[in-house]
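The entries follow in the order in which I looked.

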Amino acid sequence: MRTIYEAENLFDAQWVKDALEAAGIPAFIAGAALTGAIGELPVMGLVLVQVPDGAVAAAAPIVAAFDELLAERPAEPFADGAEPAPA
């Protein structure tokens, strides 16, 4: 298994894993159980998305698309001044 994506959180890791699996690429999230220890462990590098060695080339463009998408989101929800829609 090779690490293809280092996630900021478990939600991003699951999103990438789901996209890889939808493309027929088996994926695994490593470190998910460590997220409960935040505060005692370094925050970065805990949650990793891994794929089999032979799937790295096929997974790379999918992960690159997610990196681009996630880089565009604001650090704070509604940082653009928009308010959430009423329920």
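I take a helix here as a DSSP run of H or I with at least four residues, numbered from the N terminus. By that definition I find Leu20 in helix α1. I note that the model is predicted.

**Entry: Leu20**

I looked up the accessibility of Leu20 and got 0% relative accessibility, so Leu20 counts as buried. I then listed what Leu20 touches, leaving out residues up to four places away in sequence: Ile4, Ile25, Ala27, Val49, Val51, Ala59, Ile62 and Val63. I also checked Leu20 against Ala55: 35 residues separate them in sequence, and their C-alpha atoms are 9.8 Å apart.

**Entry: the sheet**

I traced an open sheet of 3 strands, in the order β1-β3-β2, with antiparallel pairing. The edge strands are β1 and β2 (28-30), each of which pairs on one side only.

I went through the pairings next. Between β1 and β3 I count 5 bridges in the antiparallel sense. Tyr5 stands opposite Val49 in β3, and Glu6 stands opposite Leu48 in β3. Between β2 and β3 the antiparallel pairing runs over 3 bridges. On this side, Ala30 stands opposite Leu48 in β3.

**Entry: β3 and Gln50**

How many residues of β3 are buried? I find 5 of its 5 residues buried, and the strand is mostly covered. Both faces are covered, with Val47, Val49 and Val51 on one side and Leu48 and Gln50 on the other.

I looked at Gln50 separately, as a residue of strand β3. Is Gln50 buried or exposed? Its relative accessibility is 16%; buried means under 20%, so Gln50 counts as buried. I find a polar contact of 3.2 Å between the side chains of Gln50 and Thr3. Leaving aside neighbours within four places in sequence, I list the contacts of Gln50 as Met1, Arg2, Thr3, Ile4, Pro26, Ala27, Phe28 and Ala30.

**Entry: helix α2**

I took α2 as residues 56-72, which makes 17 residues. From its first C-alpha to its last, α2 reaches 24 Å, close to the 24 Å expected at 1.5 Å a residue. I find α2 lying across β1 and β3, and it runs at about 10 degrees to β1.

Which residues of α2 are buried? I list Val56, Ala59, Ile62, Val63, Phe66 and Leu70. I then asked what covers these buried residues, and the cover includes β1 (2-7), α1 (10-22) and β3 (47-51).

**Entry: the salt bridge**

I searched for salt bridges and found 1 in the structure. Glu21 forms a salt bridge with Lys17, and the closest N and O atoms are 2.9 Å apart. Both residues lie in helix α1, 4 residues apart, about one turn of the helix. I looked up the accessibility of each partner. Glu21 has a relative accessible area of 36% and is partly exposed, whereas Lys17, at 17% relative accessibility, counts as buried.

Key. Residues are numbered from 1 along each chain as its sequence is written. This is a predicted model: local features need pLDDT of at least 70, side-chain atom pairs count only at pLDDT 80 or more; totals for chains, interfaces and linings use all residues. Side-chain values use heavy atoms; hydrogens and water are left out. Helices (H or I, at least four residues) and strands (E, at least two) are DSSP runs, numbered from the N terminus. The expected span of a helix is 1.5 Å times one less than its number of residues. Buried means under 20% relative accessible area, exposed over 50%, partly exposed in between (1.4 Å probe, protein chains only). Contact means heavy atoms within 4.5 Å. Two strands pair if DSSP finds at least two bridges between them. Axes are lines fitted to C-alpha atoms, for helices over the stretch in contact, and angles run from 0 to 180 degrees between N-to-C directions. A polar contact is a pair of N or O atoms within 3.5 Å; within protein, one must be able to donate a hydrogen and the other to accept it, and residues adjacent in sequence count only if both atoms are side-chain atoms. A salt bridge is a side-chain nitrogen of Lys or Arg within 4 Å of a carboxyl oxygen of Asp or Glu.
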